[in-house]
Amino acid sequence: MLFPDTYAVNRAGHMEIGGRDLLELAAEFGTPLYVYDEATLRGRIREFRDGLRAAYPGESLVLYAGKAFLSIRIARLVAEEGAGLDVVSGGELHLAERAGFPMERVSFPGNNKSAEEVGLAARLGIGALVVDSELEIDLLARLAVDHPVRATLRVSPGIKPDTHSYISTGQLDSKFGFPVETGQALATLERLLGVANADVQGVHAHIGSQIFDLSSYPAAIERILDFLVQARHRLGFTARELSVGGGVGIAYTRADDPPRPADFVRIVAAAVAEGCAARGLPLPRLLVEPGRAIAGPAGVALYTVGAIKEIPGVRTYVAVDGGMGDNIRPKLYGAVYEAFKAAAPDAEPDTTVTIAGRYCESTDILIRDARLPRVETGDVLAIPASGAYCLAMASNYNYNVRPAVVMVGGGEARLIRRRETYDDLLLTEV
Ligand code: LLP
């Protein structure tokens, strides 16, 4: 599960994805290069989609969380698979519009949307504005619109999942969601129901990211359904829609054993279906919003080894041509990755090296103490599980350009985003 579905070692002994030799891709497109496997992207969306259809007796929809990685080509692929799109900014919404994404399948959470963003969402007629602040309700109430804006309320169920605290969102102490346990969720729902411009569909929650222990989901769903019972009795409100967010974890190293998307949807579908039956609630349309579990395993980052610095008895630094500008996750979350030599992925690792980036900062380390076969300047290294939250969080730190992206499948490679140029870096200068 660490590599994309089409991963193979070809006759030359090189790593291959989508029928394309990674060394050839590095030569053709240059490095750093992000390679996305189309089959894995589609396969993962289908696993969520078909799993939900099989397990949930009501209507359901998978929304891809674009924050994991978005481009016009990816948005179109998501649309082709019949999935929706979760956007979190006017910029992502603008991209979705440009991609021709069906707006009724777009959802827009976010804890501090601007008036401009709320206005754009209203104008485009998106599927759901996920309301997450009093200010947003004010903005919505003031909008001049022909039709009410479809909205859901972001609630915080008070569940802290087993993941890094930086990416945990469902607990009481969080900037996201109106807490259920303090009564704020109910009070805000009442207020939202009174806004003529809002067509309130239901509720939304997202408890965190990179979750392995799926038991947090039924726990959160129980609390949300209890809240919906209250909403029904106290406000006469019946939710037609329930989003349980995303968060399914993935493998970053061969030692990781994450749940399958199919496990997640089965557990979530059962919790909602049984929980609703037990409470006499009608089945809402069930939405899930995975990002990482779709894009993460589909992407592999390629780097070329440059300078090598050996400090005898201390450490050997192997510097590559990317680093914290295209993957901040090791520094930000202590994320651990594994690297492979693209020319010999199965060669016995007999050295321990530290893979450093090219940024002018000593914290710019991609992998500490990586086990690899002997590497030399010019070798291409591949880091799997790089499809989510790497390029999406990329920066131009040190005025480095951001990498190119190719999509591979059926022996073809298509450039879906070109490498930036130095002139691109100056585009916004006035
Ligand atoms: N829905 C909402 C409302 C979210 O806030 C998120 C992620 C998702 C869905 C998708 O979660 P996923 O399925 O990808 O776990 N940059 C961090 C992850 C931040 C996630 C933020 N919200 C990382 O690199 O680990």
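Which residues of E4 are buried on one side of the strand, and which on the other? The legends below begin with that strand.

The model is predicted, so that local features are described where pLDDT is at least 70 and side-chain atom pairs count only at pLDDT 80 or more, whereas totals for chains, interfaces and linings use all residues. Residues are numbered from 1 along each chain as its sequence is written, and side-chain values use heavy atoms, with hydrogens and water left out.

View 1. Buried here means under 20% relative accessible area, exposed means over 50%, and partly exposed lies in between, for a 1.4 Å probe and protein chains only. Strands (E, at least two residues) and helices (H or I, at least four) are DSSP runs numbered from the N terminus.

**View 2. The partners of E4.** Two strands pair if DSSP finds at least two bridges between them. E4 pairs with strand E14 (residues 299–311) in the antiparallel sense over 4 bridges; Val 35 stands opposite Val 300 in E14, and Tyr 36 stands opposite Gly 299. E4 is also joined by 5 bridges to strand E20 (residues 404–409), and these two run parallel. In that pairing, Tyr 36 stands opposite Met 407.

View 3. E14 is joined to strand E15 (residues 315–320) by 5 bridges, the two strands running antiparallel, and Ile 308 stands opposite Val 318 in E15. E14 and E15 form a hairpin with 3 residues between them, and Gly 313 in the turn has a positive phi of about 75°. E14 and E19 also pair in the antiparallel sense, over 4 bridges, with Leu 302 opposite Ala 382 in E19. Ala 385 is placed in the loop between strand E19 (380–383) and E20, where this residue has a positive phi of about 60° although it is not a glycine. Ala 385 counts as buried because its relative accessibility is 1%.

View 4. Strand E2 (residues 15–17) is joined to E3 by 2 bridges, and Ile 17 stands opposite Arg 20 in E3.

View 5. The ligand sits in the largest pocket. On a 1 Å grid over the protein atoms alone, a pocket is an open set of points with protein on both sides within 12 Å along at least five of seven lines, and a molecule sits in a pocket if more than half of its atoms lie within 2 Å of its grid points. Of the 19 residues around the ligand, Ser 209, Glu 289, Arg 292, Arg 329 and Tyr 389 come nearest, a residue being near if one of its heavy atoms lies within 4 Å. A nitrogen atom of the ligand is 2.5 Å from an N or O atom in the side chain of Glu 289, and an oxygen atom of the ligand is 2.6 Å from an N or O atom in the side chain of Tyr 389. An oxygen atom of the ligand is also 2.8 Å from a polar backbone atom of Gly 247. Taken alone the ligand exposes 580 Å², of which the protein buries 92%; accessible areas come from the Shrake-Rupley method with a 1.4 Å probe.

**View 6. The loop between E11 and H8.** Ser 209 lies in the loop between strand E11 (198–204) and helix H8 (216–235), and counts as buried because its relative accessibility is 10%. Its side chain makes a polar contact with the side chain of Arg 292 at 2.6 Å, a polar contact within protein being a pair of N or O atoms within 3.5 Å of which one must be able to donate a hydrogen and the other to accept it, while residues adjacent in sequence count only if both atoms are side-chain atoms. Gln 210 is found in the loop between E11 and H8 and has a positive phi of about 55° although it is not a glycine.

Definitions and conventions
On a 1 Å grid over the protein atoms alone, a cavity is a set of points where a 1.4 Å probe fits but cannot get out, and a pocket is an open set with protein on both sides within 12 Å along at least five of seven lines; lining residues have an atom within 4 Å of a point.
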